[in-house]
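Hi,

Here is the structure I promised to pass on. Have a look at it first, then read my notes below.

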Amino acid sequence: MVAPNWIGDALMAQPMLARLRDKLPQARIDVLAPSWVAPVVRRMPEVAGVIETAFTHGALALRERWKLGRTLKALGYDQAIVLPNTWKSALIPFFADIRIRSGYVGESRYGLLNLLYRKPPGREPMAAHYARLSAKPGAEPALPLPNPRLQVDAQAAERTRERFGLPARYAALCPGAEYGPAKRWPHFKELAERLDLPVVLLGSPKERAQCAAIKGRNLAGETTLDEAIELLALAQYVVSNDSGLMHVAAALGRPQVALFGSSSPRHTPPLSDKARVLWLGIECSPCYARECPLGHFRCMRELTADRVLEKLGSDPVFRENGA
């Protein structure tokens with residue numbers, strides 16, 4: 001499988017891998033993944049091996065893709081499933097002479113792919129979009145789809161918690177969203193000041209300054225992705241924007257509040273029975289813009305800290321975890 005370039009998308013593709021494993025229990029499933037997605041894919045129980053790439057966003061790197069493809073040819077794969085819709089994402093399976101190369105038509109990838117799927121109109125749930133690639137073109141996968149799940153060694157997670165000097169019980173806040181400001185809830189500072197648990201802030205190096213304004217232990221940019229996964233696995237609960245870490249928390253089965261504004265929980269929801277979504281769904285939402293095109297940012301600004309605290313205090317899934 002050629003993995004998506006986003007952590008959240010890779011997790012929403014995991015139900016497709018589970019369906020493949022159900023159909024082909026003896027098959028070896030390897031995943032070709034960017035270096036920033038590989039740590040998540042390695043924790044998926046369906047995956048036997050991860051082939052890590054270092055291509056930067058937007059880079060064609062034709063020669064490097066050709067060399068990797070020729071290397072993979074020797075491994076004798078029967079099929080490649082290409083999840084990204086870009087032309088260049090289909091090059092490596094083509095260069096590897098893999099007999100069946102399947103995926104959505106995307107950027108007119110006729111020839112590069114030879115088992116083609118067509119996307120239905122509209123924005124369907126992303127997990128269903130990917131899971132369709134586990135069935136024949138024109139057929140639908142068996143429903144309901146399983147939720148994503150990641151494997152975490154409990155002892156390794158405890159060692160990570162101790163290494164960072166964190167308390168045994170804490171709330172994890174994830175204030176960032178790589179996609180853009182329109183996905184970032186502006187009330188994390190107020191929320192952190194009103195929580196009864198110690199707060200741990202997780203995110204990328206780009207989000208460190210944003211997290212520095214919020215009360216709590218700022219680990220944004222200080223952890224590897226593997227360490228962030230382990231710390232999320234131990235959190236009493238998680239509050240996050242629609243982001244990659246939101247999907248990680250869902251796959252770990254942690255109680256969480258997921259905050260949506262410019263995006264839609266119908267399209268990219270946290271796939272977990274312990275996830276609770278807060279979304280105002282105002283008239284201009286979802287716009288899927290990186291920044292509010294109208295300038296008022298009501299979809300997030302009017303989603304108050306009181307709403308989150310009410311959910312944490314009233315829902316049994318959080319009360320059972322010490323909210």
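First, the ground rules. This is a predicted model, so local features need pLDDT of at least 70 and side-chain atom pairs count only at pLDDT 80 or more, while totals for chains, interfaces and linings use all residues. Residues are numbered from 1 along each chain as its sequence is written, and side-chain values use heavy atoms, with hydrogens and water left out.

**Overall**

The protein chain has 14 helices and 11 strands (DSSP runs numbered from the N terminus: H or I of at least four residues for helices, E of at least two for strands). Its radius of gyration is 20 Å, close to the 20 Å that the globule rule gives for 323 residues, so the chain is as compact as a globular protein of that length (radius taken over C-alpha atoms; the rule is 2.2 Å times the number of residues to the power 0.38). The C-alpha trace spans about 55 × 45 × 35 Å along its principal axes. Of the 323 residues, 54% are buried (buried is under 20% relative accessible area, exposed over 50%, partly exposed in between, with a 1.4 Å probe and protein chains only). Take contacts between residues at least 6 apart in sequence: 56% of them join residues at least 24 apart (contact means heavy atoms within 4.5 Å).

**The sheet**

Six strands make an open sheet with parallel pairing, in the order β8-β7-β6-β9-β10-β11 (two strands pair if DSSP finds at least two bridges between them). β8 (217–218) and β11 (275–279) are at the edges with a single partner strand each, so one side of each has no neighbour in the sheet. β6 and β7 (residues 199–201) are joined by three bridges, and Ala171 has Val199 in β7 as its bridge partner. Between β9 and β10 there are four bridges, and Asn241 stands opposite Leu259 in β10.

β10 (residues 256–260) is mostly covered, with five of its five residues buried. Gln256, Ala258 and Phe260 point one way, Val257 and Leu259 the other.

Which residues of α7 (residues 154–163) are buried? They are Ala156, Ala157, Thr160 and Arg161. Looking down the axis of α7, these buried residues fall within an arc of 140 degrees, so they line one face of the helix (the arc is that of the directions from the helix axis to the C-beta atoms). Ala154, Gln155, Glu162 and Arg163 are exposed, on the face turned away from the buried side.

At the start of α7, a side-chain oxygen of Asp153 comes to within 3.1 Å of the backbone nitrogen of Gln155. Just after the helix, Gly165 has a positive phi of about 70 degrees.

The cover over the buried residues of α7 includes α10 (225–234). Thr160 gives a close-up: with a relative accessible area of 3% it is buried, and, leaving aside neighbours within four places in sequence, Thr160 is in contact with Glu227, Glu230 and Leu231.

As for α10, eight of its 10 residues are buried, so α10 is largely enclosed by the rest of the structure. Among the buried ones are Glu227, Glu230 and Leu231. Elements covering the buried residues of α10 include α1 (7–12), α3 (38–41), α7, β6 (171–174), β9 (237–241) and α11 (244–251).

Cheers

Technical notes. A polar contact is a pair of N or O atoms within 3.5 Å; within protein, one must be able to donate a hydrogen and the other to accept it, and residues adjacent in sequence count only if both atoms are side-chain atoms.
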